[in-house]
Amino acid sequence: MLTIRLDSPQPLVDQIRSGIRQAIATGELAPGDPLPTVRQLAADLGINLNTVARAYRQLEADGLVSTRRGRGSVVEAARETPGEPSESVRQRIREQVRTILSDARLASLSAADVECLFTEELSALWPRKGEDR
Amino acid sequence: MRYFNFFFPLSMILFPLIFSLFVRSHPDPRDPDPKATVARVARLRRWLWMGTAAAVFVFLGAYLFISPRGASFLWILAFPLWFAITVPLLQAKDRGWLMTERPQARAATLERRDVAPSGLAIVRLLAWILWLALFVLALWPFLTGQSEWNTAWFLMFSAFGAGWLLMGGLGTRLSVLEAEPMDVGGSPELARGYESLRRYKIWGWFGVSTMAMLAFSLPPVLLARDPEGWLYAAIWVGAGGGAFVGLLGGVFGVTADVRRTRLNRLYQDLAEGTTVGGA
């Protein structure tokens, strides 16, 4: 399930992109799974075709999705890449976390609130044994 | 044919009024001005009664005093009655008939919907084989000089038959692509409803298009066999079949609309009761 908010300050393209990324990360979408067609997703969300097409192009550039004639867009990436993530990946994630934490601080969220949010999201992406995804 | 010329246009003209009588009112609890809505429903209902009476009057006048055959074309009066009065009336009675402004929080499934029900491809292929068989049956006496009937009629009927099958395929595709907005809670009831409606539309399109293909493909076969004796039979197959397909299509379209309305209402109820991150 992909959810967007029209009144969010985050652009729609980014919301779609991160929603699909999350679906891939949680295993809701597995490698080889077909994505909805651009037309279908745009109709269901009631937004412009070009917005969805741009999000798909960005996902392609990220290497998570591939589009082939007659096959449409399919999930490309393996959900978990074996081996240690590279230092550059760690650095990129650290910067993203820092941005999120700064936003939280500016929005007057307490450290406990942020911790609570992170715990919820962590348990969605890395469920403990016996816990449903 | 006389009865057909009388009853078909009359039933078409009366249909919007009769249908509207069967649609129950579903007052919107969030309607800011329910009294105004009730007044609007009453006003539109009055217009529909008057419009239908006027259309029946025009039809009967034309049928009795001008030309029964010409009057049969007045069935098209059903269109303004339906689109200009009945649809706004239905929307005022039940907001499910109108997809109101969608909420700021929107959701969609990530499953692709371009997969037709299993077996449909085979059934569709059989329909094309049937069309081809009828085409050859109609063409054969024509090619061997056993029949001298009009080439234009043969081509027109055959093209219409094939055209309907193509339209069935297109309709199926459009049915799958129709918007299926989800609530952010991902209601399984709504998802099941969409799936059921989709299956109904796909098979409905197939059924109507195949019946229409038969209605258009049978007359040339009959005419090719014996243009003299079968002429009236062929006209009956064409006219009767055409009317049957028209009614079948109408019933299919309206029942699909009723189902869609229920789902719209469910979606609107769910969407207004949910927010992102929880119900």
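Biologist: Let's start with terms: strands (E, at least two residues) are DSSP runs numbered from the N terminus, and two strands pair if DSSP finds at least two bridges between them. What makes strand S1 (residues 2-5) of chain A and S1(B) a pair?

Modeller: They share 4 bridges in the antiparallel sense, and at least two are needed, so they pair. Within this pairing, A:Arg5 stands opposite B:Ala105 in S1(B).

Modeller: Please note that this is a predicted model, where local features need pLDDT of at least 70 and side-chain atom pairs count only at pLDDT 80 or more, while totals for chains, interfaces and linings use all residues. Residues are numbered from 1 along each chain as its sequence is written, chains are lettered from A and ligands numbered from 1 in the order in which they are written, and side-chain values use heavy atoms, leaving out hydrogens and water.

Biologist: Why is the meeting of B:Arg113 and A:Asp44 called a salt bridge?

Modeller: The term asks for a side-chain nitrogen of Lys or Arg within 4 Å of a carboxyl oxygen of Asp or Glu. Here the N to O distance is 2.8 Å, so the pair qualifies. The count between chain B and chain A is 1 salt bridge.

Biologist: Which residues does the contact take from each chain, and how many?

Modeller: With contact meaning heavy atoms within 4.5 Å, chain B gives 21 residues and chain A gives 27 residues. In chain B, B:Arg106, B:Leu110 and B:Arg112 lose the most area to chain A, together 43% of what that side buries; buried area is the accessible area (1.4 Å probe) that two parts lose on being put together, summed over both.
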